[in-house]
Amino acid sequence: MSQRSSDFASAATGTDPAPTGRPAPANAIGEQRILDAAYELLLAIGMRRMTMADIARHAEVSRATLYRRWPNVQAVVAALMTREWTTALVSAFQPDAVDGRARLVEGVVEVVAKTRTHPLMRKIIELDPEFLTPYLLERRGSSTVAHLALVAEGIKAGQADGSIRAGDPDWLSRQIILVSLASAVSGPVLATADEYPRLDDELRTMLTRYLVPDPTP
């Protein structure tokens, strides 16, 4: 991961980047194993049929270990979604982009394109769409909070190099997330799979024009 990506990840979690070479703690390794097991189960049977006992059995951990981390299946899936999309967003930013605006726009477009076809997202929309409703209509989930922080950091970097217009990074990032969510979640309603690249091109144009600096008088 590049230093810039590491900085983005730190903004999302509120922690300093982990020193290179330090081994992951045992509890972190266990958590990833549980989330991997939940991912496999969700794709196989859907969230509604999945139980905490199923997850514990598939991850080869005790139910007590599982419940110490999460209270129910919905909380496990929420943590899984946070992991999947925060990882996707961090890895999408290209450190060799021409400037901060290009890095941000291309990163956001890449994540939207991946989200639109991500097996986890497609399975939830297909079998358990009500799981997404609170996060779309009622409250910010931890994924959204992380994404807002990451995009705001990208905006600040673009403002620093002059490629992104002036404005409150928090409010600019909110608008970018709103537009991106619509393209990611509702894109398949408005376009066929072979038309997705066209959606991405339009999103790229929209974000670029939204962020371009105002002309000097």
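Q: At what distance from the ring centre does Arg-116 lie over the face of Tyr-196?
A: This is a predicted model, in which local features need pLDDT of at least 70, side-chain atom pairs count only at pLDDT 80 or more, and totals for chains, interfaces and linings use all residues. Residues are numbered from 1 along each chain as its sequence is written, and side-chain values use heavy atoms, without hydrogens and water. A charge sits over a ring if NZ of Lys or CZ of Arg is within 6 Å of the ring centre and within 35 degrees of the ring normal. For Arg-116 over Tyr-196, the distance from the ring centre is 5.2 Å.

Q: Over the ring of which residue does the charged end of Arg-174 sit?
A: The charged end of Arg-174 is placed 3.9 Å from the centre of a ring. That ring belongs to Trp-171.

Q: Is Glu-84 buried or exposed?
A: Buried denotes under 20% relative accessible area and exposed over 50%, with partly exposed in between (1.4 Å probe, protein chains only). The relative accessibility of Glu-84 is 18%, so Glu-84 counts as buried.

Q: Which residues is Glu-84 in contact with, leaving aside its neighbours within four places in sequence?
A: Contact requires heavy atoms within 4.5 Å. With those neighbours set aside, the residues are Tyr-39, His-118 and Leu-120.

Q: Which residues touch the most other members of the largest nonpolar core?
A: A nonpolar core is a set of buried Ala, Val, Leu, Ile, Met, Phe, Trp, Tyr and Cys residues joined through side-chain atoms within 4.5 Å. The largest one has 50 residues. Those touching the most other members are Ile-55, Val-77, Met-81 and Leu-104.
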